[in-house]
Amino acid sequence: MCFCGICGTSVYELAPASKQIGLCTGALNAANEIVELKEHMFVAATKDGGLREWLLDIPAWEMYRDDPSGSLEPGKPYGAKNPATSNTIACDILHCSCHCEGVQFDITRPSPSSSMLHSPWPDLLMPYFENASDNSADVKWWIRAGGTKYLAGTCACNSCRRGSGHDIQCWAFVPKVNIQKTNGDSIDFKLATLKRYTISEGAYREFCGTCGAVVFWHCDERPDLVDVSVGLLKAGSGVRAEEWLEWWTERVSFQELAQNKSLIEKLTVGLKDWATRKTANG
C-alpha cells in the first residue's frame, strides 16, 4: 500500500504479479456516480463479515473473486481460511495493532474513570446541521451496554475520507484513560512508528509511518476522549469487535457531506436493516 508520509492517506496498491494498480477511492476528488462498490473480498479474514453485513446486496467472496467456491451468499457462515487473530490478553484487555505491528496498544473495559470527563455530542448522534453539540446535560454517550462497552460508528466526512483514503471510516470512542501501552503505562501518542498529522488547529490524526494504518483521531475540545480506528482491534469475535463495541446504526456520521453519496445511502439503510435483524434474532 502506498500512502502519504505526511498525512497518512492511503493512495493506491500495486499488485506485483499483475502490475495492476488499485486506487483508494477516498483519495479521489470525485467519486459519486463514478466509483461503484462491486464486491467484497477476503471476507473470511473478518470472522464476522465486517462491513459486508451492512451491505448485503454487494457480492462477497471468502478470498479472491476468481474462486467460485468462495462466493458468499447472504446467511452463509463466514469461513476461517485466514481468520482474524485474537490477541486478547484477558477478557478485560483488548490488544490492538497496525498491520506491521509498529504501533501496539491495549484497551481496557469501561471503569468509573471512563465517565469522569466531558465531551460534546458527536455528529454521529446529534447531526451538527440541526443540533447544538454542547451536551449541557453531560451525558456519557460513549459508554454503552450498562457500562461494559464503548460506542462505535461509521463516518463519511471529508476529513476522514481524505485522511484514510477510504469512503468509510469506522471509529470507536474510547476514553484516553482506557488506552494504555502494552506495558500498562498511560498512552502518550508516542508509540514507536506512530506519526501525527495536524488536520486543523486543535485537531489531530495519528497513523503508522511504516504501514500507513489510521490509528487515532482526537482534538483539544475533548482531549480525554479518543477516536480509535476499529480496524486495529484484535477482538476474538471478529473485526466488528461486538463483545467490546456497540455500533450506532441510526446514522453515518456526516452522511450529508459524503462524496460517494450512493454508497453511503446504501450503508445507512444497511445499518438499520442489520439492527433489525439482530433484534429479531435476539
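Let's start with helix α2: L263, I264, L267, T268, G270, L271, W274 and A275 are buried in it. Buried here means under 20% relative accessible area, with exposed over 50% and partly exposed in between (1.4 Å probe, protein chains only). Helices (H or I, at least four residues) and strands (E, at least two) are DSSP runs, numbered from the N terminus.

This is a predicted model, in which local features need pLDDT of at least 70, side-chain atom pairs count only at pLDDT 80 or more, and totals for chains, interfaces and linings use all residues. Residues are numbered from 1 along each chain as its sequence is written, and side-chain values use heavy atoms, with hydrogens and water left out.

**Helix α2 and the cores**

The cover over the buried residues of α2 includes β9 and β16. The expected span of a helix is 1.5 Å times one less than its number of residues, so the 20 residues of α2 should span 28 Å, in agreement with the 29 Å between its end C-alpha atoms. An α-helix has 3.6 residues a turn, so residues three or four places apart point the same way. After α2 comes G282, with a positive phi near 80°.

A nonpolar core is a set of buried Ala, Val, Leu, Ile, Met, Phe, Trp, Tyr and Cys residues joined through side-chain atoms within 4.5 Å. The largest one has 53 residues, and F105, I107, F216, V228 and L245 have the most contacts inside it. Elements that each supply at least two residues of this core include β7 (104–108), β14 (214–219), β15 (225–229) and α2 (261–280). Of these, α2 gives the most, with 5 residues.

Contact means heavy atoms within 4.5 Å. Setting aside neighbours within four places in sequence, L245 is in contact with K149, Y150, A152, A172, V230, L233 and R240.

An open sheet of 3 strands runs in the order β1-β2-β3 with antiparallel pairing. Because β1 (2–3) and β3 (21–23) each have a single partner strand, they stand at the edges, and one side of each is left without a neighbour in the sheet. Two strands pair if DSSP finds at least two bridges between them.

| Antiparallel pair | Bridges |
|---|---|
| β1 and β2 | 2 bridges |
| β2 and β3 | 3 bridges |

F3 stands opposite S10 in β2, while Y12 stands opposite L23 in β3. The hairpin of β1 and β2 has 6 residues between the strands, and G8 takes a positive phi near 85°. In the hairpin of β2 and β3, with 6 residues between them, K19 in the turn has a positive phi of about 65°.
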